[in-house]
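Okay, thanks for coming, everyone. Let me put the structure up and walk you through some of the side chains.

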Amino acid sequence: MKLILAVLVLVLVIETQAQWHQYPGQAIGGAKDMLRAYQDMRKANWKNSDKYFHARGNYDAARRGPGGKWAAKVISNAREALQGLGNSGRGKADSEADQRANRWGRNGGNPNRYRPNGLPNKY
């Protein structure tokens, strides 16, 4: 009986870890999603669209799986930390609002919550 239980536990542990090999690919794809959102934000050059692109990049990355979610978190945190070091003219409140949008998207929230009026549909 103990052997059967041990085998069952081992199978369950192995099965839950069976997807580990997909993590790096998810992370790379997530980083690409974040880059695409940033490029779209720059290309759109639309007033008050920053939070939308933050949420969208995190949302797209996190949908790839745990690796994508990890990449989105690392990139978002690094971006906000770097902007805090420079004199970008942005305040702490704006950075915190960016992080809220990042978390919203990363946790599966619809990025359109932050979509500004009139932003072209291609974004």
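Let's start with Lys 51, which is buried, at a relative accessible area of 17%. Buried here means under 20% relative accessible area, exposed is over 50%, and partly exposed is in between, with a 1.4 Å probe and protein chains only. Before I go on, this is a predicted model, so local features need pLDDT of at least 70 and side-chain atom pairs count only at pLDDT 80 or more, while totals for chains, interfaces and linings use all residues. Residues are numbered from 1 along each chain as its sequence is written, and side-chain values use heavy atoms, with hydrogens and water left out.

So what does Lys 51 form a salt bridge with? The partner is Asp 98, and the closest N and O atoms are 2.7 Å apart. By salt bridge I mean a side-chain nitrogen of Lys or Arg within 4 Å of a carboxyl oxygen of Asp or Glu. Lys 51 sits in helix α3 and Asp 98 in helix α5, so this pair ties together parts that are 47 residues apart in sequence. Helices, by the way, are DSSP runs of H or I, at least four residues long, numbered from the N terminus. Asp 98 is buried too, with a relative accessible area of 0%. And the pair belongs to a network of salt bridges that links Asp 50, Lys 51, Asp 94 and Asp 98.

Now, how many salt bridges are there in the whole structure? A search finds eight. One of them joins the side chains of Asp 33 and Arg 64, at 2.6 Å from N to O. Asp 33 is in helix α2 and Arg 64 is in the loop between α3 and α4, so parts 31 residues apart in sequence get tied together. Asp 33 is buried at 2% relative accessible area, whereas Arg 64 is partly exposed at 40%.

Another salt bridge runs between Arg 56 and Asp 60, with the closest N and O atoms 3.7 Å apart. Both of these residues lie in helix α3, four residues apart, which is about one turn of the helix. Arg 56 is buried at 9%, and Asp 60 is partly exposed at 23%.

On to the nonpolar side. Which residues make up the largest nonpolar core? There are six: Met 41, Ala 44, Tyr 52, Phe 53, Leu 119 and Tyr 123. A core here is a set of buried Ala, Val, Leu, Ile, Met, Phe, Trp, Tyr and Cys residues joined through side-chain atoms within 4.5 Å. The elements giving two or more residues to this core are α2 (23-44) and α3 (50-62).

Look at the rings in there. Tyr 52 is buried, at 4% relative accessible area, and so is Phe 53, also at 4%. Phe 53 makes an edge-to-face aromatic pair with Tyr 123, 5.9 Å centre to centre and 75° between the planes. Rings pair if their centres lie within 6.5 Å, and planes over 60 degrees apart count as edge-to-face, under 30 as stacked and the rest as tilted. Ring pairs link Tyr 52, Phe 53 and Tyr 123 into a cluster.

Definitions and conventions: Phe/Tyr/Trp six-rings, centres within 6.5 Å; stacked < 30°, edge-to-face > 60°.
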